[in-house]
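Colleague: I would like to learn how to read a model of this kind, beginning with the place where two chains meet. Could you take me through it step by step?

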Amino acid sequence: MIRILDPTLRATPPRPAVGARRPARLGGATLGLLANGKTHGMAFLDRVAEHLATRHGVAEILRVTKPNASATVSPDDAAMLAKRCAVVVTAIGD
Amino acid sequence: VVPPTAALVERMLAAGPWRAADVLLHEPVRDRSVTAWHLAINAVMAGCRPEYFPVVGAALAAIGDPEFKLHGPATSTGGAALMVIVNGPVREAIGLRHGVNLFGPGARANATIGRALRLVLLNCLECHPGVLDQSTQGWAGKYSLCFAEHEAASPWEPLHVSRGVAAGRSAVTVFAAESGHNVLVHAAREPERLLRSFADAMAALGSLSPGRSVIVFAPEHARYLALAGWSRARTQAWLYEHASRRLSDLKRAGKVEAQFLENAETRRWLYGESGGSEAVGADAHERVLPGDDAIFVHRGLGPDDILLSVGGGDAGGHSAFFPSWSRGRSVPFVTKEVPA
C-alpha cells in the first residue's frame, strides 16, 4: 500500500492563547493604540481614540507604532502596553 | 505535483543534515513552525530531487531569519517573489542553471527549489491567494525564482564570499523581489555609459522607493565592467549616485505621501541630512516647493542597498534589475550557508 503524507500543518494547530480580561467600562481607563507602522495606521487609530475619549471618557492614551509592519510588536512594547493599559486597540492602516 | 509518498519523503529527508523534527522556520506573526519533515514533503511535491534538499533547507532557513520578516512578503499586496541566489560548488553538483535562460524554464533545480518554498507558504503557512496572500497582482516569479550565480563570468568575488561566507563553500542569498526589469544595452562598453541604463531603470517612478535592489548582470555587461577594472564597490556607488530623481518629479507623480513627512527616516530619504525642515504645511507633500528641483532622491539609502550578481547566456546585452517589494525599506538580503 502506498501512503501519501499530508503536506499541511493542520495536525499542529497554533498554541492556544488566553484573552485579556475585558474591563466593564472605559471611563478613566488608559487606552493603548498599536499601529502597524504603515502610512496611515496611527492616523486611523487617532480617530478611533477621539471617539472613545468623547463617548466613553478614556483618560490617558499611549501610542506605539511598530517600526516595521511585517514584524511582531517588540516584547518591551507588548509588556508596557499590557502593564499600563486597560484596553489596547490595534489596526492596519495603509 | 509529485505525490509525497512516505518512501520519497524519507529519501528526501535523508539527503539533508536535519532530523525530521528540526524546526527550520518559525513564523512569529502566526506562530507557525515548519520542520524538516514538512519541508521534505513539500519538496517531494515540488519535484525536487533529494540532492537539492540541503539547498531547499538553507533557503527556508534564510526566509525564516527574523530579519527577513517573512509575514510581509508572504502576504502583502505588493506580491513579492522569494528570490534565491545560489553560490558555490553545489550549483554544479545539482545542475542549477546560471547561464542561458536562468530565470526561465528548462532546469529542474531552478524550477523546483523555489516551488518547494512556495508550497511551504501555501501548505504550512496558509498563504492562499485572496486569503492570507493578498497580492494585488503577484507575478510569475512567485512560482519559483531560484538561480545560480555565473561565478566564472563575474568580475568580482562570488556573491556569497562578498557576504562573508568562506570561498569554496555553498550558500543561498534570499530577497523579496518585485518583477524583474530587462535592462537592454547593446552599444555601450564604457562603464558610465553602460550603467546609465541600469540607473535609469532603478529610478523609474513606478518602483522608486528607499528599498533595496538586485542587479543580475549578463556576462556581456559584466565583461565590460571587468575590462575597465571597476570593483563591486565602485559599481554600487556609481549606481546609487545616478539612480535618482528630482523631488519635484516625485511630487508631480503623487509619490510622496503626507505621512512620509512625519517619519524621520523617510524624510531623510527624501531630503537627505536637512531632514526636510523646508517642507512645511499639511500639503507640502503635494506642492512643488522652491528648491525641489535641486533635491535628488535616490533609490535605496546607500550603495550597500544594491546587490550585484552575474548570470545569463554568453550572448546578448540583457541584464536584469529586481526592485525590492513594497514602497518602504521592506526586507534585507539574507545569506545562509548550505550544509555540506
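Modeller: Contact here means heavy atoms within 4.5 Å. This is a predicted model, and by that rule 19 residues of chain A are in contact with 28 residues of chain B.

Colleague: What area is buried between chain A and chain B, and which kinds of residue make up the side of chain A that touches chain B?

Modeller: About 2,000 Å² is buried between the two chains, with carbon and sulfur atoms giving 58% of that area. The residues on the side of chain A that touches chain B comprise eight nonpolar, six polar and five charged.

Colleague: How many salt bridges and how many residue pairs in polar contact does the rule find across this interface?

Modeller: For salt bridges between chain A and chain B the rule finds zero, whereas for polar contact it finds four residue pairs, both residues being at pLDDT 80 or more.

Colleague: Why does B:His285 count as buried?

Modeller: Buried means under 20% relative accessible area, and B:His285 counts as buried because its relative accessibility is 13%. B:His285 is placed in the loop between α12 (264-271) and β9 (296-298) of chain B. Leaving aside residues up to four places away in sequence, B:His285 touches B:Lys251, B:Val256, B:Glu257, B:Ala258 and B:Leu261.

Key: Residues are numbered from 1 along each chain as its sequence is written. Chains are lettered from A and ligands numbered from 1 in the order in which they are written. This is a predicted model: local features need pLDDT of at least 70, side-chain atom pairs count only at pLDDT 80 or more; totals for chains, interfaces and linings use all residues. Side-chain values use heavy atoms; hydrogens and water are left out. Buried area is the accessible area (1.4 Å probe) that two parts lose on being put together, summed over both. A salt bridge is a side-chain nitrogen of Lys or Arg within 4 Å of a carboxyl oxygen of Asp or Glu. A polar contact is a pair of N or O atoms within 3.5 Å; within protein, one must be able to donate a hydrogen and the other to accept it, and residues adjacent in sequence count only if both atoms are side-chain atoms. Ala, Val, Leu, Ile, Met, Phe, Trp, Tyr, Cys and Pro count as nonpolar, Asp, Glu, Lys and Arg as charged, and the others, Gly among them, as polar. Helices (H or I, at least four residues) and strands (E, at least two) are DSSP runs, numbered from the N terminus. Buried means under 20% relative accessible area, exposed over 50%, partly exposed in between (1.4 Å probe, protein chains only).
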